[in-house]
Amino acid sequence: MSTAATTARPGEVLADLLPVSGTRARDIALVVGGAALTGLAAQIAVPVPGSPVPVTGQTFAALLVGTALGAGRGVAALGLYAVAGLAGLPWFANGTSGVGVSFGYILGMILAVAAVGALARRGGDRSTLRMAGTMLVGEAIIYAVGVPYLAATAHIGLGAAVAAGLTPFLIGDALKVALAMGLLPTAWKLLKK
């Protein structure tokens with residue numbers, strides 16, 4: 001078990017270690033920053049042949065926002081991201097906005113952020129193994145919402161939606177989980193020194 005895991009207070013997430021904890025201005029800045037990070041990461045988009053959904057940095061950023069900010073601020077950040085995109089801000093994948101066939105993944109991200117934020121408050125981001133489990137839970141929730149939404153809006157069967165909206169992303173998701181496994185537990189160690 002890492003030092004951070006043994007010295008962290010129960011219910012603490014990384015954002016709680018920032019100076020001026022508990023202030024409304026800090027929380028607003030974290031929520032806006034989380035939404036902006038997700039929007040910026042969505043612009044890292046690589047088309048996937050045969051899929052209307054590109055590979056983006058969006059899911060990785062969203063799950064990091066959830067674990068670092070906790071469920072409440074994380075859901076607020078992803079909610080802001082979704083509402084701003086629905087209102088026309090072009091910060092969904094490839095500079096798009098509004099409702100499209102991949103909007104289900106954004107809805108899934110909001111639910112996933114709630115789950116990973118809750119897991120982080122229980123220490124799910126303090127060791128590499130726990131972080132892997134936390135990220136896998138988040139990814140599963142995103143796909144559980146995104147793939148059926150893709151099937152419904154693209155008017156394709158669930159098998160075709162899995163082939164277009166899940167299978168091509170598994171290797172990239174494994175890399176994202178590996179990156180998070182190193183990033184978050186290391187951040188805890190550095191911030192607790």
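**Reading the model**

Analyst: Asn94 is exposed, with a relative accessible area of 53%; buried means under 20%, exposed over 50% and partly exposed in between, using a 1.4 Å probe and protein chains only. This is a predicted model, in which local features need pLDDT of at least 70, side-chain atom pairs count only at pLDDT 80 or more, and totals for chains, interfaces and linings use all residues. Residues are numbered from 1 along each chain as its sequence is written, and side-chain values use heavy atoms, with hydrogens and water left out.

User: What is the phi of Asn94, and where does Asn94 lie?

Analyst: Asn94 has a positive phi of about 60 degrees, although it is not a glycine. Asn94 lies in the loop between helix 4 and helix 5. Helices are DSSP runs of H or I with at least four residues, strands are runs of E with at least two, and both are numbered from the N terminus.
His155 is another non-glycine residue with a positive phi, of about 55 degrees. His155 sits in the loop between helix 6 and helix 7 and counts as exposed at 69% relative accessibility.

User: At what angle do helix 6 and helix 7 pack?

Analyst: Axes are lines fitted to C-alpha atoms, for helices over the stretch in contact, and angles run from 0 to 180 degrees between N-to-C directions. Helix 6 (residues 128-154) and helix 7 (residues 158-165) pack at about 120 degrees, with their axes 8 Å apart. The two helices, helix 6 and helix 7, are therefore oblique to each other: under 35 degrees counts as roughly parallel, over 145 as roughly antiparallel, 65 to 115 as roughly perpendicular and the rest as oblique.

User: Which residues of helix 6 and helix 7 meet?

Analyst: Contact means heavy atoms within 4.5 Å. From helix 6, Tyr143, Val147, Pro148, Leu150 and Ala151 meet Leu158, Ala161, Val162, Ala164 and Gly165 of helix 7. These residues divide into nine nonpolar, one polar and no charged. Here Ala, Val, Leu, Ile, Met, Phe, Trp, Tyr, Cys and Pro count as nonpolar, Asp, Glu, Lys and Arg as charged, and the others, Gly among them, as polar.

User: How do the axes of helix 3 and helix 4 cross?

Analyst: The axes of helix 3 (residues 58-69) and helix 4 (residues 71-86) come within 6 Å and cross at roughly 145 degrees. In helix 3, Gln58, Ala62, Val65, Gly66 and Leu69 meet Ala71, Arg73, Gly74, Ala77, Leu78 and Tyr81 in helix 4. By class, the contact has seven nonpolar, three polar and one charged residues.

User: How many aromatic pairs does the structure hold?

Analyst: A pair of aromatic rings is described by the distance of the centres and the angle of the planes. Rings of Phe, Tyr and Trp (its six-membered ring) pair if their centres lie within 6.5 Å; planes under 30 degrees apart count as stacked, over 60 as edge-to-face and the rest as tilted. The structure holds five aromatic pairs. One of them, Tyr81 with Trp91, is tilted, at 5.2 Å centre to centre and 45 degrees between the planes. This pair links distant parts of the chain, ten residues apart: Tyr81 is in helix 4 and Trp91 in the loop between helix 4 and helix 5 (103-121).

User: Are Tyr81 and Trp91 buried or exposed?

Analyst: Tyr81 is buried, with a relative accessible area of 0%, and Trp91 is buried at 15%. Tyr81, Trp91, Phe92, Phe103 and Tyr149 form one aromatic cluster.
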